[in-house]
Amino acid sequence: MSGIYITFFSIFFAALALWKKKIGSINYTLQYFIGLLSGMTSPVNYYPIYIKAISYIIPLTYLISIGRNIIQNGSVDNKSIYMLLILTIISFLYLIIGILMLKKVERYTREKGEWESW
């Protein structure tokens, strides 16, 4: 199930990479920092407030937190359901923004005659 949410974010990330061609060269570093900000090494609760603000716009943060809650509680609780709802909303926003960005990048690429970079 988490693959759906990550796919929606990936569409946004792909559009960003096509729009800003330089981002492709720092892709692995950026993915590593997204993982760190998502709480893959320690729970987001321990982060300073400004890092938490960034963390909570990344869908992976919610997936990791839901997984931790299920492992600790042994079942899905109300907090996990609430986080799943937020995750769904954020992921659909990324999907919509990603599709719009892809259309814009495609149009721009066609106009500039750089279709081979597509």
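Which element gives the most to the lining of the second largest pocket? I opened the notebook with that question. I found that H1 does, with five residues. The model I am reading is predicted.

**Entry 1: overall fold**

I started with the secondary structure. I count five helices and zero strands in the protein chain. From the N terminus on, I read the order as α-α-α-α-α. I then looked up burial. Of the 118 residues in the protein chain, 29% are buried.

**Entry 2: second largest pocket**

I went back to the pocket of my opening question. I noted a volume of about 200 Å³ for the second largest pocket. I listed its lining as Ile6, Phe9, Ser10, Phe13, Ala14, Gln31, Ile34, Gly35, Ile58, Pro59 and Leu60. Helix H1 (2-19), helix H2 (27-37) and H4 are the elements that each give two or more residues to this lining. How does the lining of the second largest pocket divide by class? I get eight nonpolar residues, three polar and no charged ones.

**Entry 3: largest pocket**

I turned to the largest pocket next. Its volume comes to about 260 Å³. I find 14 residues in the lining of the largest pocket. Pro43, Asn45, Ser65, Asn69 and Lys79 lie nearest the centre of this pocket. Two elements give two or more residues to the lining, namely helix H4 (59-73) and H5. Which of the elements gives the largest share of the lining of the largest pocket? I wrote down H4, with five residues. By class I have eight nonpolar, four polar and two charged residues in the lining of the largest pocket. I set this beside the second largest pocket, where the lining has no charged residues.

**Entry 4: salt bridge**

How many salt bridges does the structure hold? I find one. Arg110 pairs with Glu106 in this salt bridge, and their closest N and O atoms are 3.0 Å apart. I checked where the partners sit. Both Arg110 and Glu106 are in helix H5, four residues apart, which is about one turn of the helix. Side chains of opposite charge can pair when their charged atoms come close. I looked up accessibility for both partners. Arg110 has a relative accessible area of 54%, so I log Arg110 as exposed. Glu106 has 25% relative accessibility, so I log Glu106 as partly exposed.

**Entry 5: surface patch**

I looked for nonpolar side chains on the surface. Leu85, Ile89, Leu93 and Ile97 form a nonpolar patch there. Together the four residues have about 380 Å² of accessible area. Leu85 lies in helix H5 (residues 78-112). Is Leu85 buried or exposed? I have Leu85 at a relative accessible area of 52%, and exposed means over 50%, so Leu85 counts as exposed.

**Entry 6: Thr88**

I stayed in helix H5 for Thr88, which is found in that helix. Thr88 has 23% relative accessibility, so I put Thr88 down as partly exposed. I then looked up the separation between Thr88 and Phe8. The two residues are 80 residues apart along the chain, and their C-alpha atoms are separated by 9.9 Å.

**Entry 7: back to H5**

I ended with a tally on helix H5.

Definitions and conventions:
Residues numbered from 1 in each chain as written. Predicted model: local features only at pLDDT ≥ 70, side-chain atom pairs only at ≥ 80, totals over all residues. Heavy atoms only, no water. Patch = residues over 30% accessible without salt bridge, like charges linked within 9 Å, V, L, I, M, F, W, Y side chains within 5 Å. Areas by Shrake-Rupley, 256 points an atom, 1.4 Å probe, with all protein chains shown as cover. Buried < 20%, exposed > 50% of the residue type's maximum accessible area, 1.4 Å probe, protein only. 1 Å grid on protein atoms, 1.4 Å probe; cavity = no way out; pocket = protein on both sides within 12 Å on 5 of 7 lines; lining within 4 Å. Points joined across faces, edges and corners; volume = space filled by probe spheres on them. Nonpolar A, V, L, I, M, F, W, Y, C, P; charged D, E, K, R; others polar.
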